[in-house]
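Please keep the sequence and the model in view while reading.

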Amino acid sequence: MAEYTHGQHPSVTLSYLWRNAENSTAYALGEMNPGRSLLDVGCGPGSITADLARRVAPGRVTAVDASPEAVDQARANAEEAGAENIDFLVGDVHGLDLPDDTFDVVHAHQVLQHVADPVRALAEMRRVARPGGVVAACDSDYSAMHWYPRLPELDSWMDLYQKVARANGGEPDAGRHMLAWAHAAGFEDVTYTAEVWNHSAPDRRSWWGGMWSRRILESTMGRRAVEKGIASQADLEWISAGWQRWSEHPDGVFVIPRGAILCRVPE
C-alpha cells in the first residue's frame, strides 16, 4: 500500500460519514440486489458499507480496510446503524486474504487513487469476484476539480495535495485512469461512467470549506507537507484561511468529477 494521504484524524473520517450509497455509488446501485454477497474494499468508517449492506440483505458483506482504526470505526458505525450482515477484516487490496470466486460484487470507493499499484489491486478484486460477478470502483480526479472564485489559497491547496499524494505513492487524478487500469487488469467488459459531487449549495459550501479549513491544519496531509518540505506551517494557515473565505462567499462553487467503472467478470 502507498501511504494514505489523508490519514485517520477525525477531521478526515468524520467528513466521510455524509457518504452513502446514493451519493457515492449511484453508478453501481443496479448491482446491489437483495441476497448478493458483497466485498467492500477500503471501507473507511463504513457509512457506504452499512448502506450497501441494507440493500443486499440477507446477503452478507465483508468490509476490509488497511487501517485497523478505520475497521474499528466501521464496526462501531455498523452496530449503530443496525447493520448485522457485515463481517470486518483488516487487509491490503494488493493481497486479500480471501478465496477465489467468492463475491457477487466487489466494490471500492476512493481507494485506487491511494494504492501503490492500482492495476494489481483491480486484478486482486477480480480474483475474489465470482464468474458472472461485478467489480465496481469509483475515484475522484483532482486536476479536474473546479471552483469559483479562483482564490490563490485554493490553487496552492491543489498544488500541495498533488505533491503530497504523489510523494506518498498515489495517483490523485485516478478518475481519468480507471478505464485504462481496468483493461490492464484483464477486464474486457468495462463500462466507464463520469459522476460528480457538487459542494456549491450554501449548506454544502459552508460544510466543505469549513471542513477543509480545519483539515489542512489537523490531518496527516498537512503534517506530511511540512515534513517533506512541500509547505510551511504558515502556508497551511494561509490555505486554511482561504478555505474559510471561500466557504463564506455567496458565489462559491466547488465540483469534484469522479470516474467510475463497472467491470463484468466472464461466466
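Does Cys 263 count as buried or exposed? At 0% relative accessibility, Cys 263 counts as buried, where buried means under 20% relative accessible area, exposed over 50% and partly exposed in between, with a 1.4 Å probe and protein chains only.

## Basis of the model

This is a predicted model, in which local features need pLDDT of at least 70 and side-chain atom pairs count only at pLDDT 80 or more, while totals for chains, interfaces and linings use all residues. Residues are numbered from 1 along each chain as its sequence is written, and side-chain values use heavy atoms, with hydrogens and water left out.

## Cysteines

A search of the whole structure finds zero disulfides, a disulfide being a pair of cysteine sulfur atoms within 2.5 Å. The sulfur of Cys 138 has that of Cys 263 as its closest cysteine sulfur, but at 12 Å the two are too far apart for a bond. Cys 138 is also buried, with a relative accessible area of 0%.

## Nonpolar cores

The largest nonpolar core has 29 residues, and Leu 39, Val 106, Leu 122 and Phe 187 have the most contacts inside it. Such a core is a set of buried Ala, Val, Leu, Ile, Met, Phe, Trp, Tyr and Cys residues joined through side-chain atoms within 4.5 Å. At least two residues each come from β1 (38-41), β4 (103-109), α5 (118-128), β5 (129-140), α7 (178-184) and β8 (253-264); helices (H or I, at least four residues) and strands (E, at least two) are DSSP runs, numbered from the N terminus. The most is given by α5, with four residues. Apart from this core lies another, of 25 residues, among them Leu 151, Trp 197, Trp 212 and Met 221.

Beyond its neighbours within four places in sequence, Phe 187 is in contact (heavy atoms within 4.5 Å) with residues including Leu 122, Val 135 and Cys 263.

## Packing of two helices

Helix α6 (residues 152-167) and helix α9 (residues 220-227) pack at an angle of about 80 degrees, with their axes 10 Å apart. Axes are lines fitted to C-alpha atoms, for helices over the stretch in contact, and angles run from 0 to 180 degrees between N-to-C directions. The two helices are therefore roughly perpendicular to each other, a term for angles of 65 to 115 degrees, whereas those under 35 count as roughly parallel, those over 145 as roughly antiparallel and the rest as oblique. Trp 157, Leu 160, Tyr 161 and Val 164 of α6 meet Met 221, Arg 224 and Ala 225 of α9.
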